[in-house]
Amino acid sequence: MPCKLSVNVNAIAYLRNRRHVPWPSLTDLCHVALDNGAVGITVHPRPDERHIRRTDVTDISKLLRAEYPGAEFNIEGYPDERFLTLCEAERPEQVTLVPDDPTQSTSDHGWDIAANRDRLTAVIARLHKSGARVALFIDPDPAVPALAKAVGADRVEIYTGPYGGAFEPAARAREFDRVVATGKAAEAAGLGLNAGHDLTRENLPALVKALPNLQEVSIGHAITADALMFGLGETVRKFRTAIGDL
Ligand SMILES: CC(=O)[C@@H](O)[C@H](O)COP(=O)(O)O
Ligand SMILES: NCC(=O)COP(=O)(O)O
């Protein structure tokens with residue numbers, strides 16, 4: 001199975017929220033992404049609703065159910081009670097749990113699973129009851145997938161920020177090796193594999209080649225940047241080419 005692309009629309013919501021107007025329309029742009037072969041849509045609602053609003057989650061969920069029954073809705077976030085009840089109401093195919101503090105500007109680390117073992121075990125069991133597949137956002141560290149398996153996760157999403165942000169060749173190679181070793185450890189632990197954060201058309205092909213078990217990448221920032229140049233439809237096709245899905 002080739003790796004699949006989930007389009008994260010956080011950055012589009014940021015742009016819309018600059019004004020009290022409803023454009024750019026998230027649902028219209030979700031249509032464009034899905035019509036151009038994205039496997040699904042990712043949102044990361046944060047407590048301050050700085051980009052994705054709870055109403056966006058409902059609107060996108062309705063769109064997917066009504067018009068794209070095979071598509072995957074992936075909701076990312078910190079599992080507080082509000083987040084969990086939102087997921088239970090919208091029933092996404094996948095929930096990605098991220099250890100964010102509300103004051104963080106963006107996600108910058110994965111779970112300390114040992115320190116959160118009981119809580120993660122309970123939250124994952126609860127989300128499974130609502131029918132969601134659960135992925136844990138983890139640091140690129142090959143010791144972590146076995147811990148994720150032990151708390152009941154179905155997949156891990158490797159945090160690729162350090163790889164995406166490494167431009168000096170030796171640093172890039174070191175971060176690449178950590179991601180690949182972690183992806184292999186996920187396979188050995190019997191877990192599915194996702195990756196995300198600062199992935200681009202430039203840094204994706206090597207990763208996809210080294211990790212044949214990589215099932216999904218969720219990408220927002222670079223897709224939004226490229227969409228300003230090429231339009232969203234063409235950009236989605238370019239990213240699908242970069243991951244070998246087109
Ligand atoms: C979980 C993750 O990797 C993030 O990339 C996140 O979805 C991005 O969040 P922001 O769009 O708020 O920076
Ligand atoms: N899970 C990562 C994600 O959804 C998007 O991250 P980015 O491409 O905006 O850095």
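Of the 13 residues around ligand 2, the nearest are Asn8, Gly196, Ser218, Gly220 and His221. Two elements, β8 (214-219) and α10, each give two or more residues to this shell. Sorted by class, the shell around ligand 2 has three nonpolar, seven polar and three charged residues. Please keep in mind as you explore that this is a predicted model.

Now let us turn to the other ligand. Which residues surround ligand 1? They are Asn8, Asn10, His44, Glu76, Val98, Thr106, Ser107, Phe137, Gly196, His197 and Gly220. By class, the shell around ligand 1 has two nonpolar residues, eight polar ones and one charged one. Asn8, Gly196 and Gly220 belong to the surroundings of ligand 1 and are also among the residues that come nearest to ligand 2.

The UniProt record, an unreviewed entry, lists His44, Glu76 and His197 under "active site". These residues span 154 residues in sequence, yet no two of their C-alpha atoms are more than 12.2 Å apart, so they gather at one spot. As for its place in the fold, Glu76 sits in strand β3 (residues 72-77).

| Helix pair | Axes | Angle |
|---|---|---|
| α10 (residues 221-230) and α11 (residues 232-242) | come within 7 Å | roughly 125° |
| α2 (residues 26-35) and α3 (residues 54-67) | 10 Å apart | about 40° |

Take α10 and α11, whose axes cross at roughly 125°. The two helices are therefore oblique to each other, and α10 passes α11 in a right-handed crossing. On the α10 side, the residues that meet α11 are Ile223, Asp226, Ala227 and Phe230, while α11 brings Leu232, Glu234, Thr235, Lys238 and Phe239. The residues of this contact divide into five nonpolar, one polar and three charged.

Leu26, Thr27 and Cys30 of α2 make the contact with Asp56, Asp59, Ile60 and Leu63 of α3. By class, the contact of α2 with α3 has four nonpolar, one polar and two charged residues.

Notes. Residues numbered from 1 in each chain as written. Chains lettered and ligands numbered in written order. Predicted model: local features only at pLDDT ≥ 70, side-chain atom pairs only at ≥ 80, totals over all residues. Axes fitted to C-alpha atoms, helices over the stretch in contact; angles between N-to-C directions. Helix = DSSP H or I, 4+ residues; strand = E, 2+ residues; numbered from the N terminus. Parallel < 35°, antiparallel > 145°, perpendicular 65-115°, else oblique. Left-handed = near helix turned anticlockwise from the far one by under 90°. Contact = placed C-beta atoms within 7 Å. Nonpolar A, V, L, I, M, F, W, Y, C, P; charged D, E, K, R; others polar. Near = placed C-beta within 6 Å. UniProt positions renumbered as here; feature names shortened; annotations may be inferred.
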